[in-house]
Structures are given as C-alpha cells and as structure tokens.
Amino acid sequence: MLTLYIFALLIVLLVVNVPVVVAIGLTSIIVFVANGQEFLLAMLAHRMYYGTTGFTLLAIPFFIFAGNLMNIGGITERIFRFAKALVGHIPGGLGQVNIVASVIFSGMSGSAVADAAGLGQIEHKAMVDDGFDPAVSATLVAASSIIGPVIPPSIPFVLFGAITGVSVARLFMAGFIPGIILSAGMMISLLIIAKRRHYPQAAHAASLREIVESFLGAFWPLMAPVIIIGGIMTGFFTPTEASVVVCFYAIFLGLCYRSLKVTALPAIIWQSIKQASSLLFIMAAANFFGWMVIRQKLPDALIENLMNYGASQTAVLLIIICIILVMGCFLEGNAIFLITLPIFMPICTMFNIDLVNFGVVMTLLIMIGNLTPPVGMCLFAVDSFARVGIPALARHVWPYLAVIFVVTMLIAFFPQIALWLPNLMMGSM
C-alpha cells in the first residue's frame, strides 16, 4: 500500500506541473517526514552527489555532444542522401528513407531526441517538399527517431548499465536484433499505409552510380558505428571511452567536410552541457528517491506479495510492462529508469528475469512513452520545428506505436532473440 501512495503522490505532483526533478525529490522528503525519519534527510546531498559520479555515466554527456556535432557538422545530410538512394523508390518514399536514415544515425548518437531534432528537420523538410502532409511527415520523423536508443550506442543502455551494474557492452549487443526487427516492422507498416493512402514515392529506383556516389559521400559517417562497436568488442576501449572517441571523430569529419567551424564549437558545447545537466540533475534527485525506496523496503514488500499470490515470471513481466506504459504517459523516459529500477531489479532477480534482456525491454517501453502524450518527448521535439500540434501527431502515430508494442512483447517473452548476439560474441553468462 505504501508503494501505491508514493507513486500516487509523485503522479499528482507531476500532473500539477511540478518540475520532474522537484517532484522526485519532494516525494522522497515527504515519505521520510511522514514516517518520522527526518534525520535521514541529511543524506540528501550525499545521495545526489553519489548518483552522478559513476565512470559509466560520463558516456551520457559525450554521446549528447556527439549527436549535436553530427547534426551541425553536415553528417546527417550525407546519411539522408545515402538512405534516399537505397529506398526512396519503395512505397512510402521519403518515409522509408526516414526510417533507414534513423537506423544509420542510431549507430552514432544513441539519442531519440537528438535524432528527432537534428536529422528529423532535414527529413521533415524533404518530405513536405515532396508532397507529404506535414502532420504525417512529422509523425514519421518522431516514430523513426525512437530507433536510435535501441540500436547501439544507446544512452538509455548506458544509464541502465550504470544503475544496475549490467554490462553496457552486452546491452549494446542485445539491442542490435530488436532494433532491426523494429525498423523492419515500421517499414512494413508504412508500406501498407502508403499503398492505401497513396503517399509520394520516387518514380524509379536510383541507378547504381547514384547509390555508389551517395555511399562514398556517406562512407566516413558510416564508419562511426564500426569504430564504436568494433573498439568495444575488441576491448580497445570501454563504452564510456567510445563516447569520447565518437566526439573527436565527429569533430574531425565536420572540419574535413568544412561544414563545422571551430568558432561554432563553444555554442555546441554549451548546448550539450545544458542538455546533459538537465538529465544529470534528474538522476541526482532520483538516486535519493531510489535510496528512499530501498530504506522503506518497498521491493521486499512487493516480492512478498507477488510470492503470496503465486505470481509467475510471465505475470511479473506483464505487471511491469503495464506499470511502465502508464508511467510513460506522465514521466520522461530517463526518470522512469531512475525511479523504477531500484524496485524492479530485486524482483527480476527473484523471478529469474535476464537483466540484459530486461534492459532492452525497458528501453523499448520507454520509447513508447516518448511517443505518447502528454509527455512524449519525441513528439515535442518534432513539433518544435514542424508546428503541426501534438494532437495531430498523436492521431497519426498509433500504427507505429502498435509495431513497437508488438516488438516489445516479442522480446520480453522470447529473450533468446535479444540475447543471441551478446551470447555469440561475448559468451553466455
């Protein structure tokens, strides 16, 4: 019952527009005070500091910086041109290009919002110019952007690994196949919709020469995922060090293409600092929240209740999925990770749920939240330049939400799909 009261209080604070970081911290304080544990509030500063000092967490600001560099450094345009040459003639036209470009870009940024706000602007303009309805175009941009955090590198995977101690490298490997399945599902869904609604498409397929030329133009950006994943798999650098490598690589490419000026770097750095600080501040407050959850023994109480009711692994997974889907409507994805994992991790261990696969499932669920109002971050990121309104985006996004949900359930109940590649490349654990 205490768990219900805590989350009810948190949701009420969010509904009345209390900032996420304040709502998380205030909920923790109220719980301690209500239980006569005011003396534990002395731990607030310590837990907030401890929550943002892990080595693995350094990857987050660097991947954010890398995504901003690529958006400004002309790399996204080359990726889009190559994707257009490959699939621009398929029913759905530039919508299919949108999805393929997001798959390629995901191998460099690891952020859905970075994909939506950067590459998405190029995609949206091209689609509208080609005859797409602006709302349909913007919806496709938002839906395809969620591929970024599933295919490595991935900021949510880094965050999950930092909180739980699960190998980030294994999480990266586990995201590959689900990400490809998700992309294929979106392309098939778009193909069916495009045929019914007669979306624009290229009159003919690109010639071999056009494909080769666009590939050569995008060759070095395409090498970024190879360098990142290859370096991690060979042990040449850790996922955290990989985030630094990709930043230097993006700067190098931008300067070589002459689309990035040295004078622009301070502004990009400052923008990245603001984005990273916002996330890390939430993480700091959420660490105190997680500590409060453990002090109140909420996971133990939940496990005891589940065991008393004879819950199975399948039932536990379904309960967790429902909880995350509901929370995704009210909370930003990273905050959901930080709030729920201290509760879910002991439960997963008790019911023998593989933690690597669970990280992939949690990420997919959070991506659904990024596309559902009222707090769909990708919807807001796209609407910031598309200006079509959140209600219009919400109306068109349901087919793609259905695809993501089906893939999520598939990965949740058939974990061997996600675990096959990490077990093959890194051995089973």
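**Entry 1: a loop residue**

I started at Val-262, which I found in the loop between helix H12 (239-256) and helix H13 (265-295). The model is a predicted one. Is Val-262 buried or exposed? Val-262 has a relative accessible area of 56%, and exposed means over 50%, so I noted Val-262 as exposed. I then looked up its distance to Leu-325, 63 residues apart from Val-262 along the chain. The C-alpha atoms of the two residues are separated by 43 Å.

**Entry 2: the whole protein**

I looked up the secondary structure next and found 21 helices and zero strands. The C-alpha trace spans about 70 × 50 × 45 Å along its principal axes. For 429 residues, a compact globule would have a radius of gyration near 22 Å. The protein has 22 Å, which agrees.

How much of the protein is buried? I noted that buried residues make up 54% of the 429 residues. For contacts between residues at least 6 apart in sequence, I found that 79% join residues at least 24 apart.

**Entry 3: surface and charges**

The accessible surface comes to about 18,100 Å². I noted that carbon and sulfur atoms account for 68% of that surface. I also looked up the charges: there are 17 positive and 15 negative ones, and their mean positions are 5 Å apart.

**Entry 4: helix H2**

I turned to helix H2, residues 20-34. Its 15 residues should span 21 Å at 1.5 Å a residue, and its end C-alpha atoms are 21 Å apart, so the two values agree. Which residues of H2 are buried? I listed Val-21, Ala-23, Ile-24, Gly-25, Thr-27, Ser-28, Val-31 and Phe-32. Their cover includes helix H1 (2-15), H13 and helix H16 (333-350). Just after H2, I found Gly-36 with a positive phi of about 70 degrees.

**Entry 5: helix H6**

My last stop was helix H6, residues 94-106. H6 has 13 residues and reaches 18 Å from its first C-alpha to its last, close to the 18 Å expected at 1.5 Å a residue. How many residues of H6 are buried? I noted 12 of the 13, so H6 is largely enclosed by the rest of the structure. Among them are Leu-94 and Gly-95, along with Ile-104, Phe-105 and Ser-106. The buried residues of H6 also include Gln-96, Val-97, Asn-98, Ile-99, Val-100, Ala-101 and Ser-102.

Definitions and conventions. Residues are numbered from 1 along each chain as its sequence is written. This is a predicted model: local features need pLDDT of at least 70, side-chain atom pairs count only at pLDDT 80 or more; totals for chains, interfaces and linings use all residues. Side-chain values use heavy atoms; hydrogens and water are left out. Helices (H or I, at least four residues) and strands (E, at least two) are DSSP runs, numbered from the N terminus. The radius of gyration is taken over C-alpha atoms; the globule rule is 2.2 Å times the number of residues to the power 0.38. Buried means under 20% relative accessible area, exposed over 50%, partly exposed in between (1.4 Å probe, protein chains only). Contact means heavy atoms within 4.5 Å. Accessible areas come from the Shrake-Rupley method with a 1.4 Å probe; for residues, only the protein chains shown count as cover. Lys and Arg count as positive and Asp and Glu as negative; His and the chain ends are not counted. The place of a charge is taken as NZ of Lys, CZ of Arg, CG of Asp or CD of Glu. The expected span of a helix is 1.5 Å times one less than its number of residues.
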